Amino acid sequence: SSSYAAQCISALKFWYCNLLDVTVESFKIGIPKREKRLPNFLSKDEIRLIFAQIKNIKHKTILLTIYSGGLRIGEAVRLKPSDILSDQHFISVKMAKGRKDRITLLSIKVLEELRNYYKKYKPEIWLFPGQDPEKHITERSIQRVFEAACIKAGIAKEPTVHWLRHSFATHLLECGVDIRYIQELLGHQSTKTTEIYTHVCTNIIQKIKNPLDDIQI
């Protein structure tokens, strides 16, 4: 990838210019431009179909929590019971990317799922423990569950759990939520990162009137 190539070139530049005293002007290897790819996201119907395939309450609850709060998978597996702020319908995300805390949304429906899950599993240290209760469930386990559910639902793509986060942001934008609020919920440092979701909101684009329609031809 271009980002990997850029890391390698930066390392070479540091080696030559800082350690071997080669002048910066003499270092001629250019850093490639990063690809700009649109995020993959799922429609609400696709999400409904995927969740209908998951029968295990623990697996279903963690994936619902990820979509409900637009969480990264690493954030979700590291949640603790105290991070669920049920009275306010919030999820408290501690030490997320960039070592920042943030608050995000918790659906009323997911809160009910969490309560049912809690009654059955009674988690103590981690909200979603692994086979060893002192360790949280692994990211790979959740990824495998999601992939299997997508296959059963007939989603003809190569899915990753991160699609749920993309879908959360896209669906909020489609509902008219201000992009600055979405930025805060996702934990993005800049709205420029969040703005990529404006490129995949097809229902918003469909509402834009084509200027040609006002011209008699």
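Colleague: How are α2 and α3 oriented to each other?
Modeller: α2 and α3 are roughly antiparallel, a label for angles over 145 degrees. Helix α2 (residues 44-52) and α3 pack at about 160°, with axes 11 Å apart. Axes are lines fitted to C-alpha atoms over the stretch in contact, and angles run from 0 to 180 degrees between N-to-C directions. This is a predicted model: local features need pLDDT of at least 70, side-chain atom pairs need 80 or more, and totals for chains, interfaces and linings use all residues. Numbering starts from 1 along each chain as its sequence is written, and side-chain values use heavy atoms, without hydrogens and water.

Colleague: Which residues make the contact of α2 and α3?
Modeller: K44, I47 and F51 of α2 meet K60, L63, L64 and Y67 of α3. Contact means heavy atoms within 4.5 Å. By class, that is five nonpolar, no polar and two charged.

Colleague: Switching to T65. Buried or exposed?
Modeller: T65 is buried, at 0% relative accessible area; buried means under 20% with a 1.4 Å probe, protein chains only. T65 is in helix α3 (residues 57-69).

Colleague: What does T65 touch?
Modeller: Leaving out residues up to four places away in sequence, T65 touches L71, L79, I91, V110, L114 and F128.

Colleague: And at what angle do α7 and α8 cross?
Modeller: Roughly 160°, with the axes of α7 (residues 162-174) and α8 (residues 179-186) coming within 10 Å. α7 and α8 are therefore roughly antiparallel. R165, F168, A169, L172 and L173 of α7 contact I179, I182, L185 and L186 of α8. Those residues divide into eight nonpolar, no polar and one charged.

How values were computed
Helices (H or I, at least four residues) and strands (E, at least two) are DSSP runs, numbered from the N terminus. Angles under 35 degrees count as roughly parallel, over 145 as roughly antiparallel, 65 to 115 as roughly perpendicular and the rest as oblique. Ala, Val, Leu, Ile, Met, Phe, Trp, Tyr, Cys and Pro count as nonpolar, Asp, Glu, Lys and Arg as charged, and the others, Gly among them, as polar. Buried means under 20% relative accessible area, exposed over 50%, partly exposed in between (1.4 Å probe, protein chains only).
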